[in-house]
Every structure is written in C-alpha cells, then in structure tokens.
There are 2 protein chains.
Amino acid sequence: MEKQMNCHNRKTHKMDHYLEICLLMILIKTSSYGYDLLTNLSDFGFTKDELNAGTLYRVLRRMEEHDLVSSAWEASSQGPDKRIYEITILGKKELNDWIHILKERQERISFLINCYEEVKKQ
Amino acid sequence: MEKQMNCHNRKTHKMDHYLEICLLMILIKTSSYGYDLLTNLSDFGFTKDELNAGTLYRVLRRMEEHDLVSSAWEASSQGPDKRIYEITILGKKELNDWIHILKERQERISFLINCYEEVKKQ
DNA sequence: CCTCGCTATGTGCATAATGCATATAGTATA
DNA sequence: TATACTATATGCATTATGCACATAGCGAGG
C-alpha cells in the first residue's frame, strides 16, 4: 500500500536543472527577484505544489556562485527589500548550452514515445 | 578553472528515471539480462561514458524491489550465470504512466526552446 | 498597540538518483 | 598461469531536490 503510494509519487516531471534553465530563460528577458520569479514560473508548467520557495532561493544562490547571475539588493518602500537577479554573460552562454542539451533530450523522448507506439500496435 | 570544468560537466542529459524508462521499454519487447542490456542501451542515446554498469545493475534491483520486473537465474555453459529480467504487469502499467509524463516533459521542453528562439530573434 | 496576513529571503535536515571505484567470480585462450 | 572477456554486485560520495521551519518588514483592522 505504502509502496504503491511511493511508486506513484516517484513519477515526477523532474529533469536535471529544469528549474535553473527556466530561471535563466526568464532572466534573459528581464531582471527579477525570487518572490516574483515564483509566480512567473507557472508559465513553464510549474504547478503550485511542484514549486517550493526554499528550493527556488537556493537554486538562485547556487547560480550566483557559478556566476550565471549577479544580484543586488533593492530597497523597498513597502515590504522587505528584494534581491534583484540579473543574468551574466556566462549565464547567457550557459542557457545557450542548455538549449542544445534540451534539443537532444527532446530527440531521446521522441524516440522513446515512438518506440512505445510501435509496441502498442502489436 | 576547476569551477569552469564542473560547470561544464553539470550539463548532462540527465532526466529523472530515464534509465529505468529505457529498461522498461527494452524489457517490454523481450526479456534480457544486465550485461546484454548495457549494449542495447546505445539505441537510446547512451554513450559508453554516459553509462555505468554499477548503476545499471542497481537500477534493475530497485525495479525488482518495486515489482516492475522479476528475475531468475539462467545457468550458462560458457561464462557466468545470468540474471534474466522479465517485465511484470505492474511494470507495463508503470511504463504507460511514464509515457504520459514524457509527453508532458516534451511539451515543456518545446515551450522552452520556442521561448529561446523568440528571444534570439530580437 | 497588537495580531494577522502578505511580502520576501533564507537554513537544516533528509532523501533519492546517480557516478566512480572497486570486488568477485566463471570461462576461454594463449 | 596469466590475461581478457563475461557477468553481477557493493561502498562511498556527490548532487539535486523536497519539506519543514526561521526570520523579518510592512500594512490593515480590531
């Protein structure tokens, strides 16, 4: 019973660095901050329960460590200050590299799906 | 320098449970064993350095724990015995579920790539 | 004034998937 | 008897991610 539940939960949309890639994609268009990015991510298929604020903030910090983004505090008249993230040159290069990986992922997935359709025919 | 190297290495094709899905796909066609599956996986885009035998065997055992496959030893006249894996009913159901996830992954990837092309235009 | 809710960022701990190195062992062949 | 190939497996570390919780500013309403 419990095993079944776990089995079901294990089927996620998880793809290596997917969140990071989405963030780079948003940030290449415009600079933004964590709390705002949380809402923008729904465009990329993130449901509310799929997205965790803690994870998001940690991913952003990791990206900054790797010099993919840079951040600066922005004072706010109403509410707490915001850490604004801006994509770097390296970040743009990184996104470009990821796009190539994504295209290969896409081919692999297509191959799998076609394979499955073939099997189903018989 | 070292950081750069890590950065580059992090860009993998890794997708959650991709190996498991490929194995289910092979095994739904025909039963097989670890060492043989190692070679068959090249069809699914696994390069030699991308595929690790230890990982493969461990994934197979995990799949058996979850009742997605069942195994039986087959004596060999030449070379060591083989553990033959066969897909189960639950395994077939699992593969079917994964296919749905893959289709959603595909849509998400397409969305990202289109997004990127749009940005590039400007 | 004080609490509640929203905005905003962050940490601690655990788990799950995977990689790398290594161990073990049977068989064939040179 | 040494080497190469077949075949399966474990130990340890790393990495990504999830869940729960902590912190703190600010505004509205009682």
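Helices (H or I, at least four residues) and strands (E, at least two) are DSSP runs, numbered from the N terminus. The structure shown is a predicted model, in which local features need pLDDT of at least 70, side-chain atom pairs count only at pLDDT 80 or more, and totals for chains, interfaces and linings use all residues. Residues are numbered from 1 along each chain as its sequence is written, chains are lettered from A and ligands numbered from 1 in the order in which they are written, and side-chain values use heavy atoms, with hydrogens and water left out.

Figure 1. In chain B, the loop between helix 4 and strand 2 (69-74) holds B:D67. B:D67 has a positive phi of about 60 degrees, although it is not a glycine. Most residues other than glycine have a negative phi. B:D67 is partly exposed, with a relative accessible area of 43%; buried means under 20% relative accessible area, exposed over 50%, and partly exposed in between (1.4 Å probe, protein chains only). In chain A, A:D67 lies in the loop between helix 4 and strand 2 (69-74). A:D67 has a positive phi of about 60 degrees and is not a glycine; its relative accessible area of 44% makes A:D67 partly exposed.

Figure 2. A residue is near a molecule or strand if one of its heavy atoms lies within 4 Å of it. Of the 27 residues around DNA strand C, the nearest are A:Y35, A:R58, A:K82, A:R83 and B:H17. Of the atoms of DNA strand C that come within 4 Å of the protein, 66% belong to sugar and phosphate. At least two residues of this surface are supplied by each of helix 3 (34-40), helix 4 (53-65) and strand 3 (82-87) of chain A, and by helix 4 (53-65) of chain B. Helix 4 of chain A gives the largest share, 4 residues. The surface near DNA strand C comprises 8 nonpolar, 8 polar and 11 charged residues; Ala, Val, Leu, Ile, Met, Phe, Trp, Tyr, Cys and Pro count as nonpolar, Asp, Glu, Lys and Arg as charged, and the others, Gly among them, as polar.

**Figure 3. Side chains at the phosphates and a base of DNA strand C.** An N or O atom in the side chain of A:Y33 is 3.1 Å from a phosphate oxygen of DNA strand C. For A:R61, a polar side-chain atom lies 2.8 Å from a phosphate oxygen of DNA strand C. In chain B, an N or O atom in the side chain of B:R58 is 3.1 Å from a base oxygen of DNA strand C.

**Figure 4. Surroundings of B:S32.** B:S32 is found in strand 1 (residues 32-33) of chain B and is buried, with a relative accessible area of 5%. The side chains of B:S32 and B:D36 are joined by a polar contact of 3.0 Å. A polar contact is a pair of N or O atoms within 3.5 Å; within protein, one must be able to donate a hydrogen and the other to accept it, and residues adjacent in sequence count only if both atoms are side-chain atoms. Apart from neighbours within four places in sequence, B:S32 is in contact (heavy atoms within 4.5 Å) with B:L27, B:L37, B:N40, B:R83, B:I84 and B:Y85.

Figure 5. The structure holds 4 aromatic pairs over all chains. A:Y18 and A:F46 form a stacked pair, 5.3 Å centre to centre with 25 degrees between the planes. This pair links distant parts of the chain, with A:Y18 in helix 2 (residues 18-29) of chain A and A:F46 in the loop between helix 3 and helix 4 of chain A, 28 residues apart. A:Y18 is buried, with a relative accessible area of 4%, and A:F46 is buried, at 11%. A:F44 and B:F111 form an edge-to-face pair, 5.3 Å centre to centre with 80 degrees between the planes. That pair crosses between chains, from A:F44 in the loop between helix 3 and helix 4 of chain A to B:F111 in helix 5 (residues 89-121) of chain B. A:F44 is buried, with a relative accessible area of 5%, whereas B:F111 is partly exposed, at 36%. Rings of Phe, Tyr and Trp (its six-membered ring) pair if their centres lie within 6.5 Å; planes under 30 degrees apart count as stacked, over 60 as edge-to-face and the rest as tilted.

**Figure 6. Model confidence along chain A.** Among the elements of chain A, strand 3 has the highest mean pLDDT (98) and helix 1 (residues 2-9) the lowest (36).

Definitions and conventions: pLDDT = per-residue confidence, 0-100.
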